[in-house]
Amino acid sequence: MKFPFFSLSILSIFIFSLMMVGCSDEPNAVGIGLLPNTDFPSIDSTESFITSSSSYLARLSGASTTLLLGRYQNTIEARTLLQFSNIPTDRSHAIIDSAILKLRITYRFKDSTGTLALNIHKLLRSWSENSFTWDSIDASLTNSLPDTIFSTFINPQDSIVQIRIDSIVREWFQSTESTPNGIMISPTNVSNIVIGISTVIISGVDYRPELIIGYHDSSDTASISIRPQQRTFVANLLDSPPLGIITVQAGVAMRGMMTFDISLIPSTASITDASMELELDTNNSLNNSFTNRSLIAHMVLDSSSPPRLSGITAIGTPNDTNRTVFIFDMKNIVQQWATGKQNYGIVLRAYNEFTSLDRFAILSSTSSMRPKLKVTYTLLP
């Protein structure tokens, strides 16, 4: 039996249409009653306050792009150490006409003006910038009396401090050592400002400390410029942080430690979002126009003292609407805890820990303002 071509075409189109409907990607309710509710992802959230908090001194060592020097009230003190190589060893009879140490100012704390009063000591023993800390200072490091004293008033427009250290350099010329141990510059109680000294070369311009020595002897008159081969700074707190506060202090460095209980989060959870909120105590914090208002939270790796810190971090910055509240994206850290990593807590440190003296005081004992962790997570079937 033959069918008209037109009828076959209509039939083909009809069958093709049914196939397309059956293969549609659009979801529908067919078979939905056959799947149990446990086969669908569920989203839940939890919120917790800190369970413990403390602050501890980590102490800094190593070369920094900014050397800190000075004293702020009875709060903090910073000292700078410098060691110079290439001191002439064949000019023991030379007469030192001048020895000028030039320091370029790139940072100020806490005010832009103040008195900088200094004692300069010749160092009596060797040291390493990679390991020297505040605790390395002892009676064997210098003589009890300074070799040189210096005082000046720092104005807002000042960019360079020049210190005469003729007597120290004269001893270096007469010494048989090829490389003198250097100097330590310490603030006196009269100082009420801290300056930051550049140690970098930018676009071919050398901003590092410079020692310019002018001298002459019976056969020669010369001037030489020497840069430090080693440089570091050490700082120390002169006051005690207030109780009930987590203190994060750059420069020394004091770090804050806190723990959160996330035991309610199932081990099978996938962390969708995690944020930590910290409230800043502005009355006990210290910052100025140079402050980088950022904090770094490190996941803690063990229970040692001081603890080892993970490279997994979260950066905290002020909330756009409330500048005293710091917000951290903690998703990566919380995910580590949720999947089995031991929860030893987190450590907070200042973002500019090696180049500033900023202090962040974080409320920890006020119930409504304690650090808080909010976590949203997904449970897969």
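**A predicted fold, read through its local geometry**

Q73 is partly exposed, with a relative accessible area of 49%, a class that falls between buried (under 20% relative accessible area) and exposed (over 50%), as computed with a 1.4 Å probe on protein chains only. The model is predicted, so that local features need a pLDDT of at least 70 and side-chain atom pairs count only at pLDDT 80 or more, whereas totals for chains, interfaces and linings use all residues. Residues are numbered from 1 along each chain as its sequence is written, and side-chain values use heavy atoms, with hydrogens and water left out.

The backbone of Q73 has a positive phi of about 45 degrees, although this residue is not a glycine. Q73 sits in the loop between β2 (66-72) and β3, where strands are DSSP runs of E with at least two residues, helices are runs of H or I with at least four, and both are numbered from the N terminus. S203, also not a glycine, has a positive phi of about 50 degrees; S203 belongs to the loop between β10 (201-202) and β11 (205-206) and is exposed, with a relative accessible area of 74%. Most residues other than glycine have a negative phi, and most peptide bonds are trans. The bond from V252 to A253 is cis, with omega near -10 degrees, and A253 is found in the loop between β15 (245-249) and β16 (254-260). The peptide bond from S305 to P306 is cis as well, with omega near 0 degrees, and P306 lies in the loop between β18 and β19 (309-318).

From the backbone we turn to a serine and its surroundings. S356 lies in the loop between β21 (346-350) and β22 (359-363), and its relative accessible area of 1% is why S356 counts as buried. Leaving aside residues up to four places away in sequence, S356 touches L68, Y107, A250 and G251, a contact being heavy atoms within 4.5 Å. The side chain of S356 is also joined to that of D358 by a polar contact of 3.1 Å, the term standing for a pair of N or O atoms within 3.5 Å of which, within protein, one must be able to donate a hydrogen and the other to accept it, while residues adjacent in sequence count only if both atoms are side-chain atoms.

A search of the whole structure finds five aromatic pairs; rings of Phe, Tyr and Trp (its six-membered ring) pair if their centres lie within 6.5 Å, with planes under 30 degrees apart counted as stacked, over 60 as edge-to-face and the rest as tilted. Among them, Y107 and F290 form an edge-to-face pair, 5.3 Å centre to centre with 65 degrees between the planes. This pair links distant parts of the chain, since Y107 is in strand β4 (residues 95-109) and F290 is in the loop between β17 (269-279) and β18 (295-300), 183 residues apart. Y107 is buried, at a relative accessible area of 5%, whereas F290 is partly exposed, at 37%. F326 and F360 form another edge-to-face pair, 6.1 Å centre to centre and with 80 degrees between the planes. Because F326 lies in strand β20 (residues 325-329) and F360 in strand β22, the pair ties together parts that are 34 residues apart in sequence. F326 counts as buried at 1% relative accessibility, and F360 is buried with a relative accessible area of 0%.

Charged side chains come next. The structure holds 17 salt bridges, each a side-chain nitrogen of Lys or Arg within 4 Å of a carboxyl oxygen of Asp or Glu. One of them joins E77 and R71 (3.6 Å, N to O), and both of these residues are buried. R91 forms a salt bridge with D90, their closest N and O atoms being 3.2 Å apart, and D90 is exposed, with a relative accessible area of 56%. R91 also forms a salt bridge with D220, the closest N and O atoms here being 3.6 Å apart. R91 lies in the loop between β3 (76-84) and β4 and D220 in the loop between β12 (210-216) and β13 (221-226), so this pair ties together parts that are 129 residues apart in sequence. D220 is partly exposed, with a relative accessible area of 28%. A network of salt bridges links D90, R91, D217 and D220.

Confidence remains to be considered. The mean pLDDT of the protein chain is 89, and 89% of its residues reach 70 or more, pLDDT being the predictor's confidence in each residue, from 0 to 100. Over residues 1-8 the pLDDT is below 50, and beyond near neighbours in sequence this stretch has one contact in the model.
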